[in-house]
Amino acid sequence: MVAVLLRLKLTLVLNGFRRSVWQTVGFVLAALYALSVVVMVAAGSIGLSFLPQDEARTWLVVGGSVVVLGWWLVPLLAFGLDATLDPRRFQTYAIPRRELLVGLAVAGMIGVPGAATLLSGLSTALAWWDAPLAFLAAVVGAVLGLAVCAVGSRAITAVMAPLLDWRRFREVAVVVVVVPIIMLGPLIGRAFDDVSGVDTWVPQVADVLAWTPLGAPWSLPGDVAAGDWLAALGRVAVTLASLALLLAAWGAALARTLERPPSHGPAAQAQGYGWLDRFPGTRTGAIAARCLTYWQRDPRYAGSIAFVPFVPVPFIVFGGLEGNQSLLWIAPVIAYVMGFAISADLAYDNTALWLHLVSGVRGAADRAGRVMAVLTLSLPIVLVFVVGGVWAVDRWDMLIAVAGASFGVLLVAAGASSVLSASYVYPVPKPGEGMFAQPQGGTTAVFVGQTVGILVVALLSAPTLVALVVAMTTGAVWATVLTVVIGLGSGAAALAVGIRKGGAILDRRGPEILQQMAAWS
């Protein structure tokens, strides 16, 4: 049965290449990136071999713990990313649970992440090339570490599945878990710059992690190299006991999944027509109301807003609060983020776009309605950060200039998004999925679309931003007036052209876009 599940996963992966060129391109790029990571890990491991054994062990334990933690957390944050072997699909088959567990665990490692983790783990043995016993222990530890990654990832996902099926939980998780994790990079970098005695507390952290399932497998070769066989046996015991507990938890959760259908509770009772009651009874107003409903209820949209409060963190971490002039740039950055958030609006509609096509909605009305929705949300948010940035640096003389530049960037980004979302449609998470559930083959397309959007918005906003720099440097009234005039003027022009051009593209390519999205469903 394990072999059958492996062949099934391989067949699904290979067949996916036939559905989309983007998937093939994305796989090649992901494989090249993974190969570069493996090469860097191998080179780093060779470099560690020239350090004292205790230092090499410390960094391998810390690095391995981060990898294991990533394998455990990413499936929670990217729920729905890979449902090719969803256990619920095997409900009607009499497959022994033990074989199903092993098969799902091994099949889950098929792909670029699994191969990269395996090769990277094995390459850490190069840190012990001059100690044969430690080298062999490193290979064993890498295999055990990979097992902890695979089993832990599946077990935690299965245990948390009832909560992950709850949309509100996924939305809260984005705010509570995802965004702080993204901000860990600058925070850790700052910590290593400022905290003295790194060589003291990092080994202490490694010593603690070495007795947890996160770091125990990676500490094994260091213990063998140091001749501490009792500690090495202890690491193996911790690892094997953790695997046993994870398998037991996964087995219980799998039994619940296969034997008990999910229950979502009673349906909520709708009251009134929501945003439809608050907008004009026109086609543009109806589309704006529907889009605002998406922003309120769809986790794919809600995630965009969840990131906004954390945008200032890097500015504050690296520049502080007092006298940090870079805080004036927070509002323009957020204006871009909010304006560009509708660049995939058509793709988010999925096959529901057919309603627009059959009802004869003009493309310009569609574009204007979506812009109206995002501006309804964005204008107050951007205004708050304009005032907040000016207040933080005590530059009230820059209030008007920063506001003009920010609102100009917002309008430019919304106009560019109106064209891009109609002319370049790429795979996005399907309705009901979380914002991190990226379909196979969509990563490269998203990267291309985002890159094009950034370049276009940057080019159109360049005159406004240059005027803002002049206003910030000189403090002259004429520079402030110039910033406002250029910002709002270029923004209004870009928005008008974007709505008209994007509407024309949608009128011309509407059926083709719908057919393309139907092929992804």
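**Fold, burial and surface of the predicted model**

Among contacts in the protein chain (heavy atoms within 4.5 Å) between residues at least 6 apart in sequence, 80% join residues at least 24 apart. The structure is a predicted model, in which local features need pLDDT of at least 70 and side-chain atom pairs count only at pLDDT 80 or more, while totals for chains, interfaces and linings use all residues. Residues are numbered from 1 along each chain as its sequence is written, and side-chain values use heavy atoms, with hydrogens and water left out.

The protein chain contains 21 helices and zero strands; helices (H or I, at least four residues) and strands (E, at least two) are DSSP runs, numbered from the N terminus. Of its 521 residues, 45% count as buried. Buried means under 20% relative accessible area, exposed over 50%, and partly exposed in between (1.4 Å probe, protein chains only). The accessible surface of the protein chain amounts to about 25,400 Å², and carbon and sulfur atoms hold 72% of that area. Accessible areas were computed by the Shrake-Rupley method with a 1.4 Å probe, and for residues only the protein chains shown count as cover.

Helix α15 (residues 330-339) is largely enclosed by the rest of the structure, because eight of its 10 residues are buried. The buried residues of α15 are Ile330, Ala331, Pro332, Ile334, Ala335, Tyr336, Met338 and Gly339.

On the surface, a nonpolar patch is formed by Ile46, Phe50, Trp129, Leu133, Phe135, Leu136 and Trp229, which together have about 810 Å² of accessible area. Patches are made of residues with over 30% relative accessible area and no salt bridge, with like charges joined within 9 Å and nonpolar side chains (Val, Leu, Ile, Met, Phe, Trp, Tyr) within 5 Å. A salt bridge is a side-chain nitrogen of Lys or Arg within 4 Å of a carboxyl oxygen of Asp or Glu. Helix α6 (residues 132-164) gives the most to the nonpolar patch, with three residues. Tryptophan 229 belongs to helix α11 (residues 229-259) and counts as partly exposed because its relative accessibility is 49%.

Alanine 462 lies in helix α20 (residues 442-474) and, at 31% relative accessibility, counts as partly exposed.

A search of the whole structure returned zero disulfides, a disulfide being a pair of cysteine sulfur atoms within 2.5 Å. Cysteine 149 counts as buried, at 0% relative accessibility. Cysteine 291 is buried as well, with a relative accessible area of 2%.
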